[in-house]
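User: I have a model open and a few things to ask about it. Can we go through them one by one?
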Amino acid sequence: MTICDWNSVYKGGEGVNYVRDAREGIAEVIHQRGFKQTVIAQKAGLTPQQLSDIISKRRKMDANEMFALCAALGTSMESLFATSYTEPPG
């Protein structure tokens, strides 16, 4: 996807894939791989409550936290946003 495509992603359109919230991707990776949230939080330099708040979307995360979480999860940032939505989520 090029930078020019971002407007069409958020506005929608025929055949457009929607980008999901990275926090959903974090929750999915933790669940699929059977990780403990407290262990991932510790590895990422967060408190368990901070990670819980991020996953439940009560808290935004900054870029440094996202990099740290990706390292703790052993995954890429791109995979956290990956989705196959063709309809707007929600």
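User: Where is glutamate 65 found?
Analyst: Glutamate 65 lies in helix H5, residues 63–73. Helices here are DSSP runs of H or I with at least four residues, numbered from the N terminus. This is a predicted model, in which local features need pLDDT of at least 70 and side-chain atom pairs count only at pLDDT 80 or more, while totals for chains, interfaces and linings use all residues. Residues are numbered from 1 along each chain as its sequence is written, and side-chain values use heavy atoms, with hydrogens and water left out.
User: Is glutamate 65 buried or exposed?
Analyst: Glutamate 65 counts as buried because its relative accessibility is 12%. Buried means under 20% relative accessible area, exposed over 50%, and partly exposed in between, with a 1.4 Å probe and protein chains only.
User: Which side chain does glutamate 65 make a polar contact with?
Analyst: The side chain of arginine 59, at 2.9 Å. A polar contact is a pair of N or O atoms within 3.5 Å; within protein, one must be able to donate a hydrogen and the other to accept it, and residues adjacent in sequence count only if both atoms are side-chain atoms.
User: And what else does glutamate 65 touch?
Analyst: Leaving out residues up to four places away in sequence, glutamate 65 touches Leu46, Ile54 and Lys60 as well as Arg59. Contact means heavy atoms within 4.5 Å.
User: Switching to H4. Which of its residues are buried?
Analyst: In helix H4, residues 48–55, the buried ones are Leu51, Asp53, Ile54 and Ile55.
User: What covers them?
Analyst: The cover includes H2, H5 and helix H3 (37–43).
User: How do H2 and H5 sit relative to each other?
Analyst: The axes of H2 (residues 22–33) and H5 come within 11 Å and cross at roughly 20°. Axes are lines fitted to C-alpha atoms, for helices over the stretch in contact, and angles run from 0 to 180 degrees between N-to-C directions. H2 is therefore roughly parallel to H5, a label for angles under 35 degrees; over 145 is roughly antiparallel, 65 to 115 roughly perpendicular and the rest oblique.
User: Which residues make that contact?
Analyst: Ala22, Ile26, Val29, Ile30 and Arg33 on H2, and Met66, Leu69 and Leu73 on H5.
User: Last one, threonine 75. Where is it found?
Analyst: Threonine 75 is in the loop between H5 and helix H6 (77–81). Its side chain has a polar contact of 2.5 Å with that of serine 79.

Technical notes: Helix = DSSP H or I, 4+ residues; strand = E, 2+ residues; numbered from the N terminus.
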